[in-house]
Amino acid sequence: AVAPLGLIAAVLLVGFAWSAIEHLASSRTGGPSLLRSLLTGVSAAILVALVCAPVASSKAFAAFNCRAYDDDSAAGTSKAFLLADSGVLCWESAEHDEIVAIAIVMIVLWPIGMTLAFAALLFKCRAAIETQTPTPLSRAIAVLHREYDPQFFYFELVILLQRTSLA
């Protein structure tokens, strides 16, 4: 669930580097603005996040997927083990506590954080999208809204919520 973050960072870095190389190769004077350089990789980074979010969310939620087995049927006790790794005792081991802590961070980051980040970007660009007067930011996040009519610019969020809840 953490690996996609490195990929997203790499995509943003490559976009930034590409913008710098493109500027150096051209005859333009003055450097590219920091914002323009950062926006170069945003579209690809969003695409990577859209692809990875359901899988990363599913992996994070797997930390809570335990199966109980009878420990002592006469006493009526049972022990639960993690389905993803049957060697991990659920709710009673330090190892599972650590897995759950990491999973909570990943859940906040992926299904909640990505959705909120995309919502913030879309609503920041709402006027530009609805009036169809693109800004550099609305062009950079076009992967989130270009497939929909302007009044339904937010619909990719609905699809993302559906994909992460079903994964």
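Guide: Let us begin with a contact between charged side chains: Glu-130 and Arg-126 meet in a salt bridge, with 3.5 Å from N to O. The model is a predicted one, in which local features need pLDDT of at least 70 and side-chain atom pairs count only at pLDDT 80 or more, while totals for chains, interfaces and linings use all residues. Residues are numbered from 1 along each chain as its sequence is written, and side-chain values use heavy atoms, with hydrogens and water left out.

Visitor: Why is the pairing of Glu-130 and Arg-126 called a salt bridge?

Guide: The term requires a side-chain nitrogen of Lys or Arg within 4 Å of a carboxyl oxygen of Asp or Glu. The N to O distance for Glu-130 and Arg-126 is 3.5 Å, so the pair qualifies under that cut-off.

Visitor: How are Glu-130 and Arg-126 placed relative to each other in helix H5?

Guide: They are 4 residues apart in H5 and therefore separated by about one helical turn. An α-helix has 3.6 residues a turn, so residues three or four places apart point the same way. Helices here are DSSP runs of H or I with at least four residues, strands are runs of E with at least two, and both are numbered from the N terminus.

Visitor: What makes Glu-130 and Arg-126 partly exposed?

Guide: Buried means under 20% relative accessible area, exposed over 50%, and partly exposed in between, with a 1.4 Å probe and protein chains only. Glu-130 has 36% relative accessibility and so counts as partly exposed; Arg-126, at 39%, counts as partly exposed as well.

Visitor: How many salt bridges does a search of the whole structure find?

Guide: The search finds 2. Besides the pair in H5, Arg-146 forms a salt bridge with Glu-147, their closest N and O atoms being 3.8 Å apart. Both Arg-146 and Glu-147 are exposed.

Visitor: Where are the bends in H4 and H3 centred or located?

Guide: The bend at a residue is the angle between axes fitted to the seven residues ending there and the seven starting there. In H4 there is a kink of about 45°, centred on Gly-113. H3 bends by about 40° at Cys-52, and the proline Pro-54 follows within four residues.

Visitor: Why is His-96 called buried?

Guide: His-96 lies in helix H4, and its relative accessibility is 0%, so it counts as buried. Contact means heavy atoms within 4.5 Å. Not counting residues up to four places away in sequence, His-96 touches Ala-63, Cys-66, Leu-82, Val-88, Leu-89, Cys-90 and Trp-91.

Visitor: Against which elements do the buried residues of H4 pack?

Guide: They pack against helices H1 (3-25), H3 (42-61), H5 (126-130) and H7 (155-166), and against strands E1 (66-72) and E2 (77-82). Among the buried residues of H4 are Val-100, Trp-110, Pro-111 and Phe-118. In H3, the buried residues include Cys-52 and Pro-54.

Visitor: What makes Leu-116 exposed, and to which surface feature does Leu-116 belong?

Guide: Leu-116, in helix H4, has a relative accessible area of 56% and is therefore exposed. Together with Phe-61, Phe-64, Trp-91, Ile-104, Val-108 and Ile-112, Leu-116 forms a nonpolar patch on the surface with about 690 Å² of accessible area. Patches are made of residues with over 30% relative accessible area and no salt bridge; like charges are joined within 9 Å, and nonpolar side chains (Val, Leu, Ile, Met, Phe, Trp, Tyr) within 5 Å. Accessible areas come from the Shrake-Rupley method with a 1.4 Å probe, and for residues only the protein chains shown count as cover. The largest share of the patch, 4 residues, comes from H4.

Visitor: What is the phi of Trp-91?

Guide: Trp-91, in the loop between E2 and H4, has a positive phi of about 65° although it is not a glycine.
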